[in-house]
Amino acid sequence: MRDTRGIVGEEFEHGAVAFFDLQAGLRLAIWNRKDIAHDTKLIQTPPSLTEFTLGHNVGSKDEVDKVMKQAKNAGATITVAAHDTFWGGYSGYFQDPDGHLWEVVWNPQWEITE
């Protein structure tokens, strides 16, 4: 694992996040629970062992829209429609049929390589 810059986004309310590079094209993001509740517009519940979001990073806004449509067509519930984010990206959230929460996101500062 490469070194991370530590926590970024602290200048934004609900924006603090720590990113960890795991391998080429794969990053782990760790957010505060209250910030996930705020961003997803869901009520924060007591902690559970299954509480997290899965992030799917793509290379463009169009790809976000495409993946969100595919998820909906596959039975997912859209919790937040794709939108421009406060930090300059574009993302949307859905819950898959098993209840897992996903964010589909395009970050203009990250190059996605295949």
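This section describes the sheet, the nonpolar core, the salt bridges and selected loop residues of one predicted model.

The model is predicted: local features need pLDDT of at least 70, side-chain atom pairs count only at pLDDT 80 or more, and totals for chains, interfaces and linings use all residues. Residues are numbered from 1 along each chain as its sequence is written, and side-chain values use heavy atoms, with hydrogens and water left out. Confidence is given as pLDDT, the predictor's score for each residue from 0 to 100. Its mean over the protein is 87. A value of 70 or more is reached by 93% of the residues. Strand β1 (residues 7-8) has the lowest confidence, at a mean of 79. Helix α2 has the highest, at 97. Where pLDDT is low, the predicted coordinates should not be read in detail. Helices (H or I, at least four residues) and strands (E, at least two) are DSSP runs, numbered from the N terminus.

Four strands form an open sheet with mixed pairing. Their order is β4-β7-β6-β5. Two strands count as paired if DSSP finds at least two bridges between them. Strands β4 (53-58) and β5 lie at the edges, each pairing on one side only. From one strand to the next, the twist averages 15°. Axes here are lines fitted to C-alpha atoms, for helices over the stretch in contact, and angles run from 0 to 180 degrees between N-to-C directions. Strands β6 and β7 are antiparallel and share six bridges. In this pair, Tyr 90 faces Trp 106 of β7. Helix α2 packs on the sheet and touches β4, β5, β6 and β7. The direction of α2 makes about 10° with that of β6. Contact means heavy atoms within 4.5 Å.

Strands β5 and β6 also pair in the antiparallel sense, over five bridges. Ile 78 stands opposite Phe 94 in β6. The two strands form a hairpin with five residues between them. In the turn, Gly 88 has a positive phi of about 105°. Thr 85 lies in the loop between β5 and β6. This residue is buried, at 14% relative accessible area. Buried means under 20% relative accessible area, exposed over 50%, and partly exposed in between (1.4 Å probe, protein chains only). Beyond its neighbours within four places in sequence, Thr 85 contacts Tyr 90 and Ser 91.

The largest nonpolar core has ten residues. They are Val 58, Val 64, Val 67, Met 68, Ala 71, Ala 76, Tyr 90, Phe 94, Val 104 and Trp 106. A nonpolar core is a set of buried Ala, Val, Leu, Ile, Met, Phe, Trp, Tyr and Cys residues joined through side-chain atoms within 4.5 Å. At least two core residues come from each of α2, β6 (90-95) and β7 (101-106). Helix α2 gives the most, with four. In soluble globular proteins, nonpolar side chains tend to be buried together. Val 104 touches several members of the core, including Val 58, Val 64, Val 67, Met 68, Tyr 90 and Phe 94. Its contacts also include His 56, Ser 91 and Gly 92, with residues up to four places away in sequence not counted.

Three salt bridges are found. The criterion is a side-chain nitrogen of Lys or Arg within 4 Å of a carboxyl oxygen of Asp or Glu. One joins Asp 84 and Lys 61, at 2.8 Å from N to O. This pair links distant parts of the chain, 23 residues apart: Asp 84 is in strand β5 (residues 77-84) and Lys 61 in helix α2 (residues 61-73). Asp 84 is exposed, at 51% relative accessible area. Lys 61 is partly exposed, at 36%. Another salt bridge joins Arg 27 and Asp 21, at 2.7 Å from N to O. Here Arg 27 is partly exposed, at 34%, whereas Asp 21 is buried, at 15%. Asp 35 and Lys 34 also form a salt bridge, with the closest N and O atoms 3.2 Å apart. Asp 35 is buried, with a relative accessible area of 5%. Lys 34 is partly exposed, at 44%.

Glu 10 lies in the loop between β1 and β2 (17-23). Its relative accessibility of 58% counts as exposed. Glu 10 and Gly 55 are 45 residues apart in sequence. Their C-alpha atoms are 20 Å apart in space.
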